Amino acid sequence: MNLTVPEGTVFGLLGPNGAGKTTTIMMLLGIIRPTAGNFSLFGRPMSDVAVRKRVGYVPEKFQLPGLLKAAEFLRFHGRMHGLGGASLEHRIVALLNEVGLGDRASSPISSLSKGMQQRLALAQALLNDPDLIILDEPTSALDPMGRMEVRTIVEGLRARGKTVLLNSHILADVEQVCDSVAILQKGKLERQGPMKVLTSQAITLHLKVGGLTAGLQDQLSKLGENFRIVSTGEVTEMELMLPSEELVPHIAEIVQAQGGRIYALSPRQESLESLFIRVVKEGRQA
């Protein structure tokens, strides 16, 4: 695969289980080595210590030291970054407040819920004020309010010019915060591009037609993909996927030319979830 993440954006790395998302992140961080090819960050090899200092990371599976208190855990990681003194203490207070744990600084990590621990791990990733933040499933254990708070944090990072690489199965979160996405399948890059471009290339058309004949149905089914009849009766409901909204007037003309009656004609832009499922299915059939 050939993956490019634009600076100062939120980039979503998507794919079904086993597609290679976490493996890609681990190679990017230098935790494991690729059998071929290479990664660079900010135009420099990942082996460069100066580059590593510009990266923050929340792994998918993390184990925090339960005996440490929340502030102690951040203080320990801050010192590993070379931070200390009053500036580190102010940073710890600010980050705990940012992730909604301002009142839990003195709480042992073992007393925190899984969602709280996940937010604490996010605070750890931001300690060194990194330019690139890599988040592997950052909202998987969070309730809706926690997910909203994480989205707000990510949007704030982008507003400050940071780059965020986000791996998540929660496509609703990805759709709300990501500028661009890449979809992996079986270790290969199937699709990549700006969110608005990828989800605007196809539309789902919902039709309600009276007087549907076999000939008209056949013509409609050939104009798009995933044609299906939703319900039948005097008025037939159907859906099909079109490559472009420019075909919508043409479909209306065909229905009228064949003596059909249009009761509803509703184009709907493809969602990220629909795009994801379609791309994964196509990859499995290839």
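Predicted model: local features only at pLDDT ≥ 70, side-chain atom pairs only at ≥ 80, totals over all residues.
Which strands does helix α10 lie across, and at what angle does α10 run to β12?

**Figure 1. Helix α10 against the strands.** Helix α10, made up of residues 248-257, lies across β9 (203-210), β11 and β12. Relative to β12, α10 runs at about 165 degrees.

**Figure 2. The open sheet of four strands.** The strand order is β10-β11-β9-β12, and the pairing is antiparallel. β10 (225-231) and β12 (261-269) stand at the edges with a single partner strand each, so one side of each has no neighbour in the sheet. On average, and with direction ignored, neighbouring strands of this sheet are turned by 15 degrees against each other.

**Figure 3. The pairing of β10 with β11.** Strand β11 covers residues 235-242 and runs antiparallel to β10, to which it is joined by four bridges. For I229, the bridge partner in β11 is M238.

**Figure 4. Helix α1 and its surroundings.** Within α1, which spans residues 21-28, the buried residues are K21, T24, I25 and L28. These buried residues line one face of the helix, because they fall within an arc of 95 degrees when seen down the axis of α1. Their cover includes the strands β1 (10-14), β2 (40-41), β4 (55-58), β5 (132-136), β6 (163-167) and β7 (180-185). Just after α1 comes G30, with a positive phi of about 80 degrees.

**Figure 5. The salt bridge of R44 and D48.** Side chains of opposite charge can pair when their charged atoms come close. The whole structure holds 11 salt bridges. In the one formed by the side chains of R44 and D48, the N to O distance is 2.9 Å. R44 is partly exposed at 46% relative accessible area, whereas D48 is buried at 19% relative accessibility. The cut-off for buried is under 20%, and therefore D48, at 19%, counts as buried.

**Figure 6. K162 and D131 between two loops.** The closest N and O atoms of the salt bridge between K162 and D131 are 3.9 Å apart. K162 lies in the loop between α6 (144-159) and β6, and D131 in the loop between α5 (114-125) and β5, so the pair ties together parts that are 31 residues apart in sequence. K162 is buried, with 9% relative accessibility, while D131 is partly exposed at 29%. Both residues belong to a network of salt bridges that links R54, D129, D131 and K162.

**Figure 7. R151 and D173 between two helices.** A salt bridge joins R151 to D173, with 2.6 Å between the closest N and O atoms. R151 lies in helix α6 and D173 in helix α7 (residues 171-177), so this pair ties together parts that are 22 residues apart in sequence. R151 is buried, its relative accessible area being 15%. D173 also counts as buried, at 4% relative accessibility.

**Figure 8. The surroundings of Q185.** Q185 belongs to strand β7 and is buried, with a relative accessible area of 3%. A polar atom of its side chain lies 3.1 Å from the backbone oxygen of V280. When neighbours within four places in sequence are left aside, the residues in contact with Q185 are P16, A19, E190, V280, G283 and R284.

Technical notes: Residues numbered from 1 in each chain as written. Heavy atoms only, no water. Buried < 20%, exposed > 50% of the residue type's maximum accessible area, 1.4 Å probe, protein only. Arc of directions from axis to C-beta. Contact = heavy atoms within 4.5 Å. Pairing = 2+ DSSP bridges. Axes fitted to C-alpha atoms, helices over the stretch in contact; angles between N-to-C directions. Salt bridge = Lys/Arg side-chain N within 4 Å of Asp/Glu carboxyl O. Polar contact = N/O pair within 3.5 Å; in protein donor to acceptor, adjacent residues only side chain to side chain.
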